[in-house]
Amino acid sequence: LETRYSTSFLAIAFGILGMFWGIQDQRSSRTSSYSGIIVTIILSYALLASCKWLGQEGVTPAALAGWIPPVLSLLVAMMLLLRRNRIPFSESIFKR
């Protein structure tokens with residue numbers, strides 16, 4: 001039951017990660033975005049499978065194992081997106 005609810009949050013995390021990989025400089029190639037997307041999918045599948053195994057084996061509670069991948073993915077996605085959109089200090093309003 002927990003996996004049904006947590007999977008929708010995982011889709012939101014993938015949407016934010018897609019925004020991160022979609023925002024790119026004009027000088028950079030698309031190859032880095034494609035490889036980043038592939039690595040992201042592989043890592044998230046590995047995290048999902050390992051947490052599912054941890055929940056089935058009783059190492060962690062099933063509810064916690066179901067919510068670890070979406071929460072971790074959302075945190076990483078938000079961190080990457082905020083880091084990508086960070087304004088350099090030279091253009092900041094806090095410079096002297």
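**From core to surface**

The largest nonpolar core consists of 5 residues: Ile-16, Leu-17, Phe-20, Ala-77 and Leu-81. The model is a predicted one. Helices α1 and α3 each supply at least two residues of this core. The most comes from α1, which gives 3 residues.

Take Ala-77 in this core. Leaving aside residues up to four places away in sequence, Ala-77 touches Ala-13, Ile-16 and Leu-17. Of these, Ile-16 and Leu-17 are also members of the core.

Next, the aromatic rings. The structure holds 1 aromatic pair. Its partners are Phe-9 and Trp-67, with ring centres 5.3 Å apart and planes at 55°. Planes under 30 degrees apart would count as stacked and over 60 as edge-to-face, so this pair is tilted. Phe-9 lies in helix α1 (residues 2-22), and Trp-67 lies in helix α3 (residues 62-84). The pair therefore ties together parts that are 58 residues apart in sequence.

Phe-9 has 36% relative accessibility, so Phe-9 counts as partly exposed. Trp-67 has 25%, so Trp-67 also counts as partly exposed.

Last, the surface. Tyr-34, Ile-37 and Ile-41 make a nonpolar patch there of about 310 Å². One of these residues, Ile-41, sits in helix α2 (residues 30-57).

How values were computed: Residues numbered from 1 in each chain as written. Predicted model: local features only at pLDDT ≥ 70, side-chain atom pairs only at ≥ 80, totals over all residues. Heavy atoms only, no water. Phe/Tyr/Trp six-rings, centres within 6.5 Å; stacked < 30°, edge-to-face > 60°. Helix = DSSP H or I, 4+ residues; strand = E, 2+ residues; numbered from the N terminus. Buried < 20%, exposed > 50% of the residue type's maximum accessible area, 1.4 Å probe, protein only. Patch = residues over 30% accessible without salt bridge, like charges linked within 9 Å, V, L, I, M, F, W, Y side chains within 5 Å. Areas by Shrake-Rupley, 256 points an atom, 1.4 Å probe, with all protein chains shown as cover. Salt bridge = Lys/Arg side-chain N within 4 Å of Asp/Glu carboxyl O. Core = buried A, V, L, I, M, F, W, Y, C linked by side-chain atoms within 4.5 Å. Contact = heavy atoms within 4.5 Å.
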